[in-house]
Each structure stands twice: as C-alpha cells, then as structure tokens.
Amino acid sequence: MLLLIQYTLIFASVLMLVALGGCISEHSGVINLGLEGIMVIGALGGALVMSSAGITSPALMVILAMLAAALAGMLYSCLLGVAAIHFKADQTLVGTAMNLLATAGATVLVKAMNTAANPDNHSSEIEYIGARKMFIVNINGFEFNWFMLVAVIAVLLVYFLLYKNRFGLRLMACGEHPQAAGSVGINVYKMRWAGVLISGLLGGLGGLCYILAGVSLWKFENGVAGFGFLALAVMIFGQWKPTRIALAALLFGLFRALSNTYAGFPFLVSLNLPGNVYNMMPYIVCLIVLAFTSKASHAPKAEGIPYDKGSR
C-alpha cells in the first residue's frame, strides 16, 4: 500500500505540473497541444545536467536540474508562441509538430552525444543513477520525491496567479474575450506570450519529474508515453481550475500507479489480467471520463482563436 501511495503521488505530481501549464496557456487563449514535446525537451535538459554536471550537493543538483528543465521547456514553447501568436498558425497543427519534433530531435541529439563519447554506443540513453537519489528523501520506507512538494506549491501558486491578482485576471480576460481586453489597454500579445512561457516552464518540470519517477536512465526514443495528452485530459476533467486539476491528477495517478504495484495486491493478481491491461488503465479511464464530462466542459471561449487587433 505504501508503494502504491508513493507511485500515485509521483505520477500525480507529473500530471499536476503539466496540466497546470496547459491550463494557464489556454486561459491566455492559446491551446498548447505540444505539452508532450515540451515534456521531452524539459526531461532532456534536466537529464543532461544530472548526467554531466558532477555535482555532489543534493540541494544544488535538485535546483540546477529543475532550472535546466524549466528553461528548456520555456525555450521550446517559444516555437508555439512565435507560430501561434505572431504568425497566427493553426495551434493544433503546431502542437502536433512540436510533439513529433521533440522526440525525434532528442533521440538524434542523445545518440550523437553518446557516439561522440564512445563510437560503439549508439543508444539514446542518458543515465543519472546518483543524481536521481538526490531527489529522494527516505521517510520510514516511503520515498519522498521533492517534486511532490513542487507540485503542491505549483497548485497554490497557479491558484493565486489566476484568481488573486491583476495579472491572472488580465490573462483570463485574454482567453475569454481578447478584443474587449485589448480595448481597455491590455496587451493581449504579451499576456498570451506569458501564458505560453509559463506553460513551457511547468511542462519542462513535468518532463523531468516523469523520467525520475521510477528509473535511473531514460531512452529518449520512448518519449514520455503519452503523459502530455493525459495531462490535457486531466486539465479538461478539472475544468481548467487548479484545485480540480489537482484532484483529477490524483485519480489518474492512482490508475497509472497500479501498473507498477498491482503485483502486491493478491486480489488483483487473482484476476490473472496481463500487465499491459494495467498499463492501459489510465488511458482507458481517460476516454471514459472525457466521454461523460466533455460536453459539460467550460473551456475559455477564445482559446485557439488567433487574436486580431482589427476585429473588435
């Protein structure tokens, strides 16, 4: 049971961070379907720091790896900002292209680095055994990961950002009625850029959290197993509200955790279900939940619609 709680919290932390990023982006009026790709690039940035920095201080390693992941995610999200905000490109197509580019680009880069270091090594793996241990604090057998705390702080900060200050109200106004927001002097372009960059920051952190969840090396050709899209489902199920997103992330995180821990429950073992069934559970639950709740969703009204100052 302790292991189930541990995995539930770490997977829920991934989903919280990435879904909150998507929430902020969509509240600004930009649909970020590229969260999957942003996670991959964020994971790559953090993994490179963990594998090559040679830092022995746990606190410094945690901070630098998180900063690298956040910065990588923000930089990669600039592709969405330029294409969707300035060139008014179709945001769905841009996000899809970003997802494809990220996994392919990360795989090529890591393989090139490994081959340069060792001509016989053509893998897309990055190993970070020692660094991963620095993110974990053992509390009576429970492996507390610092990302669990980061996820809780992110929920509180996003709630405060959206509902308790002027910036958040202006951001949401740009996602509901950008022409009205622009008419009272709000710079819609800047607010949408802020939404996209914050989304990239949180998505990058989520990517690093994902590869640290249970392993000490990562093959970047595997991407992040659809967690970016699962986070979008969490965001929709959570109705674009930070507190509901946190609860939805816990639900989906529980089903994802079962794939790692079902062998420890005699009742589940007695069902004789293949392990792949438990791997599919969060995605099956995602489809069921969205089928029953998507009609009642209240998405920002102007999300996905390019802003045209002259169309007031």
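Predicted model: local features only at pLDDT ≥ 70, side-chain atom pairs only at ≥ 80, totals over all residues.
How many nonpolar, polar and charged residues does the lining of the largest cavity have? By class, six of the residues are nonpolar, two are polar and two are charged.

**Cavities**

A search of the whole structure finds two cavities of 30 Å³ or more. The largest cavity holds about 70 Å³ of space. Its lining consists of Gln6, Tyr7, Ile10, Arg132, Ile136, Glu143, Asn145, Met148, Leu212 and Ala213. Helix H1 gives the largest share of this lining, with three residues, and H1 and S3 each supply at least two.

The second largest cavity holds about 40 Å³ of space. It is lined by Val30, Ala84, Ile85, Gln91, Tyr189, Arg192, Pro306 and Tyr307. H3 and H9 each contribute at least two residues to the lining of this second cavity. Its lining divides into six nonpolar residues, one polar residue and one charged residue.

The largest pocket contains about 290 Å³ of space. It is lined by 15 residues, of which Val150, Ile153, Ala154, Leu157 and Leu202 are the closest to the pocket centre. Two or more lining residues come from each of helix H3 (58-86), helix H6 (146-163) and helix H9 (188-211). H6 gives the most, with eight residues. In terms of class, the lining of the largest pocket has 15 nonpolar residues, no polar residues and no charged residues.

The second largest pocket contains about 180 Å³ of space. Its lining is formed by Tyr7, Phe11, Tyr210, Ala213, Gly214, Val215, Trp218, Arg256 and Asn260. Helix H1 (2-27) and helix H11 (242-261) are the elements that give two or more residues to this lining. Here the lining divides into six nonpolar residues, two polar residues and one charged residue. Tyr7 and Ala213, which line the second largest pocket, are also listed in the lining of the largest cavity.

| Space | Volume |
|---|---|
| Largest pocket | about 290 Å³ |
| Second largest pocket | about 180 Å³ |
| Largest cavity | about 70 Å³ |
| Second largest cavity | about 40 Å³ |

**The S2–S3 hairpin**

Strand S2 (residues 136-139) pairs with strand S3 (residues 142-145) in the antiparallel sense, over four bridges. Within this pairing, Asn138 stands opposite Glu143 in S3. The hairpin has two residues between its strands, and Asn140 takes a positive phi near 50°.

**Cysteines**

How many disulfides does a search of the whole structure find? The search finds zero disulfides.

Is Cys174 buried or exposed? Cys174 is buried, with a relative accessible area of 0%. Cys78, by contrast, is partly exposed, because its relative accessible area is 25%, and a residue counts as buried only under 20% and as exposed only over 50%.

Methods:
Residues numbered from 1 in each chain as written. Heavy atoms only, no water. Pairing = 2+ DSSP bridges. 1 Å grid on protein atoms, 1.4 Å probe; cavity = no way out; pocket = protein on both sides within 12 Å on 5 of 7 lines; lining within 4 Å. Points joined across faces, edges and corners; volume = space filled by probe spheres on them. Nonpolar A, V, L, I, M, F, W, Y, C, P; charged D, E, K, R; others polar. Disulfide = S-S within 2.5 Å. Buried < 20%, exposed > 50% of the residue type's maximum accessible area, 1.4 Å probe, protein only.
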